[in-house]
Amino acid sequence: MTSDSIKGTLCVTVTAVSAGILPSLAFIAFDRGVTDRLLLYSEFAYAAVILWIIAVIKKEKILLKGKQYAQIGAVTFFFFMGAVFLFRAFEHMSGSLATVISFTFPAVVVVMEMAMGKRKPSAVRIAAAAVSVAGVAAVCGGGGNASLRGVVLASAASLCYAAYTMILDMDEIKNASSVVTTAYIFTGAAVLHFIRCVISGSEVLPQNMSQLGIILSIALICGFLNFYCYLIGIKYIGPGNAALIDAFEPVVACIAGSIILGDTFTAGAVIGCLMIFISVVLANLPEGNPGRGK
């Protein structure tokens, strides 16, 4: 491996780990009295501040074109709803299993691309979608702590992730700075989650240092670090290789849930998780040209 390959691999590995431990850290925050609304609002708000600072330091072009703002608005909406659905799923099943199910979105993207004629149908892509659906069915049918309502909510999160991934692939938004684009998306998501806090009467500020500590940890590790390391990783090893390594995110989520929270998994859930992991790998296999990132 070259020096660049090692750097890229390490960066994307950090991305997979930082995203994979989010469910476990979220449940720790819940145990400290942090609401899901406050956690999501704070995570994106603090991460957005860091990203805007980086954008200014790097002298990125802040102002965008009309179509780019429209697309960023659509991405922000699906990004926001995906987080809402995922955290609602946490109320009905373990965070690790919910994360695994939500990670079926690469296979959903493949199906959407084939339906829209953006990607030619192939046996591998169709197999990825089929294995993904079968994996979710195995998790749902495995009993344990995976309720049907939790599976539905996590699947809805997956559809939202697939929707904003498709929008991010549009030419106009791809021409904008990744740092600025994500700063706008995080800012918009933070505003929407803040509105949820106000409407529900939830706190908008941490109530003690314990809550502040876990919120800042999640914002820095699962928000900012997750995104920034992925950008650096893509630069060194390309989006296709980055997506394949990042496929280990649901695996990390299960391991972290087991170690940190003591999550247990039925045989059906384990088989389902493995099937979903395989579907993600299949969905991201290159087709004669570099693959795509998430």
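Let me start with R37, which is partly exposed at a relative accessible area of 27%. Here buried means under 20% relative accessible area, exposed means over 50%, and partly exposed lies in between, with a 1.4 Å probe and protein chains only.

A word on the source: this is a predicted model, where local features need pLDDT of at least 70, side-chain atom pairs count only at pLDDT 80 or more, and totals for chains, interfaces and linings use all residues. Residues are numbered from 1 along each chain as its sequence is written, and side-chain values use heavy atoms, with hydrogens and water left out.

Which residue forms a salt bridge with R37? That is D36, and the closest N and O atoms are 3.2 Å apart. By salt bridge I mean a side-chain nitrogen of Lys or Arg within 4 Å of a carboxyl oxygen of Asp or Glu. The count by this rule is 4.

D36 also meets R196 in a salt bridge, at 3.8 Å from N to O. This pair links distant parts of the chain, 160 residues apart: R196 sits in helix α10 (residues 178-200) and D36 in helix α3 (residues 36-57). Helices are DSSP runs of H or I, at least four residues, numbered from the N terminus. Are R196 and D36 buried or exposed? Both are buried, with D36 at 10% relative accessibility.

Next, K58 and E60 form a salt bridge, 3.7 Å from N to O. K58 is partly exposed at 45%, and E60 is partly exposed at 23%. As for shared partners, salt bridges join D36, R37 and R196 into one network.

Conventions: Helix = DSSP H or I, 4+ residues; strand = E, 2+ residues; numbered from the N terminus.
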